[in-house]
Amino acid sequence: NQEFVADHFSHDVVLDQLKSLGVLEAVRVSRSGFSKSYSHEEFIQRYHVLAPGKEPESTCPSSRCILIIGESISMMMESFSKDEGTQGIQVGTRRVFLRQNQADALDTLRSKAMIDAAMTIQRGAR
């Protein structure tokens, strides 16, 4: 509160603080079923193996995220229809939001890509 009095709350000030901290947005996203979220940088670092050798035309992190998602959707077609796959992934201005099914599918694709890369390295070393 503006008066610095204990146990005295101003609803407008509290609402403004919750908006500023992003708490309301986090609750909205959570309620809409997007259980996983990553910053653009975290998403790129975690899932870059799904789009090897591909670079977006823009250096914007969200463009890189969209490129990785685009490459992954074609691989996920076995598990989901195209609409179901894309509806479970939302790219925000700062974060990528995933529903649990899509997060699991991306993690499975990531594991497979990493195993394939390890096998390629081992093959070359022998």
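Entry one, cysteines. I looked up the sulfur of Cys-60 and found its closest cysteine sulfur in Cys-65, 8.4 Å away, so the two are too far apart for a bond. A disulfide here is a pair of cysteine sulfur atoms within 2.5 Å. By this rule I count 0 disulfides. I then checked exposure, where buried means under 20% relative accessible area, exposed over 50%, and partly exposed in between (1.4 Å probe, protein chains only). Cys-60 is partly exposed at 32%, while Cys-65 is buried at 0%.

Entry two, the model. This is a predicted model: local features need pLDDT of at least 70, side-chain atom pairs count only at pLDDT 80 or more, and totals for chains, interfaces and linings use all residues. Residues are numbered from 1 along each chain as its sequence is written, and side-chain values use heavy atoms, with hydrogens and water left out.

I read pLDDT as the predictor's confidence in each residue, from 0 to 100. The protein averages 81, and 88% of the residues score at least 70. Helices are DSSP runs (H or I, at least four residues), numbered from the N terminus. Among the elements, helix H5 (residues 82–87) has the lowest mean pLDDT, 58. Helix H3 (residues 40–47) has the highest, 91.

H3 packs with helix H6 (residues 100–125) at an angle of about 40°, the axes 10 Å apart. In contact (heavy atoms within 4.5 Å) are Phe-43, Arg-46 and Tyr-47 of H3 with Ala-103, Leu-106, Asp-107 and Arg-110 of H6.

Note on methods: Helices (H or I, at least four residues) and strands (E, at least two) are DSSP runs, numbered from the N terminus. Axes are lines fitted to C-alpha atoms, for helices over the stretch in contact, and angles run from 0 to 180 degrees between N-to-C directions.
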